[in-house]
Amino acid sequence: MPNCDWGRPCNCRECTEMNRKEICDICIENKTIITHSQYEMGRKGISYYRFINYCQKCWDEKKKKDEIERQKELEEERKKGENRDLLQKRLEKIDHNPTPIKNAVAKFREQIKIGNSDKYIRDDIIRRFKDILKVEKTRNRWYCCKNRLELIDFRLFFY
Ligand SMILES: [Zn+2]
Ligand SMILES: [Zn+2]
């Protein structure tokens with residue numbers, strides 16, 4: 001029996017050993033050469049390790065696929081970065097036209113699906129998008145620039 005901390009996801013040597021099978025889980029044919037653990041988040045937010053046994057051939061294929069995935073993600077990151085730069089340039093040229101910050105919160109909600117409260121999102125916008133949206137406080141109320149808000153794509157700032 002492993003003497004690691006039960007209740008917490010674990011992929012120590014003993015836990016890995018316990019999940020080792022002789023035959024590859026993917027092709028169900030060749031001999032296992034590696035028992036790979038993958039940290040996963042289940043429903044209800046409970047995390048665990050998923051153990052998968054790989055033969056040499058399936059392991060090589062998995063690594064190839066992972067590499068392709070990684071390249072795709074890097075490419076998407078790069079594109080997002082480019083689009084952010086383009087956006088920044090367009091924003092620099094437009095006039096200032098104040099609008100209540102709640103309009104920014106509404107657009108944020110349309111583009112980013114999160115369960116946080118309006119106040120949380122508002123504070124996040126004030127902090128992170130202060131410059132890009134020209135956020136300012138006038139007579140105790142927060143405003144941002146309407147023209148900038150129309151152009152911004154909040155999705156470019158989230159991964
Ligand atoms: Zn363990
Ligand atoms: Zn296999």
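Predicted model: local features only at pLDDT ≥ 70, side-chain atom pairs only at ≥ 80, totals over all residues.
**Exercise 1.** Find which residues of α3 are buried, and explain why they count as being on one side.

*Solution.* 
- Step 1. Helix α3 spans residues 102-111, and A104, V105 and F108 are buried in it.
- Step 2. These three cover an arc of only 100° around the axis, so they lie on the same side of α3.
- Step 3. An α-helix has 3.6 residues a turn, so residues three or four places apart point the same way.
- Step 4. The cover over the buried residues includes α4 (118-128), β5 (141-145) and α5 (146-151).

**Exercise 2.** Describe how α3 and α4 are oriented to each other, and name the residues that make the contact.

*Solution.* 
- Step 1. The two axes come within 9 Å and cross at roughly 105°.
- Step 2. Angles of 65 to 115 degrees count as roughly perpendicular, and α3 and α4 are therefore roughly perpendicular to each other.
- Step 3. From α3, the contact uses A104, V105, F108 and R109; from α4, D118, I121, R122 and I125.
- Step 4. Sorted by type, the residues of this contact are five nonpolar, no polar and three charged.

**Exercise 3.** State in which sense β1 and β2 pair, and find the bridge partner of E40.

*Solution.* 
- Step 1. Strand β1 (residues 34-41) pairs with strand β2 (residues 47-54) in the antiparallel sense, over eight bridges.
- Step 2. The partner of E40 in β2 is Y48.
- Step 3. Five residues stand between the strands of this hairpin, where K44 has a positive phi near 65°.

Technical notes. Residues numbered from 1 in each chain as written. Chains lettered and ligands numbered in written order. Pairing = 2+ DSSP bridges. Helix = DSSP H or I, 4+ residues; strand = E, 2+ residues; numbered from the N terminus. Buried ≥ 20, exposed ≤ 12 C-beta atoms within 10 Å, placed from the backbone. Arc of directions from axis to C-beta. Contact = placed C-beta atoms within 7 Å. Axes fitted to C-alpha atoms, helices over the stretch in contact; angles between N-to-C directions. Parallel < 35°, antiparallel > 145°, perpendicular 65-115°, else oblique. Nonpolar A, V, L, I, M, F, W, Y, C, P; charged D, E, K, R; others polar.
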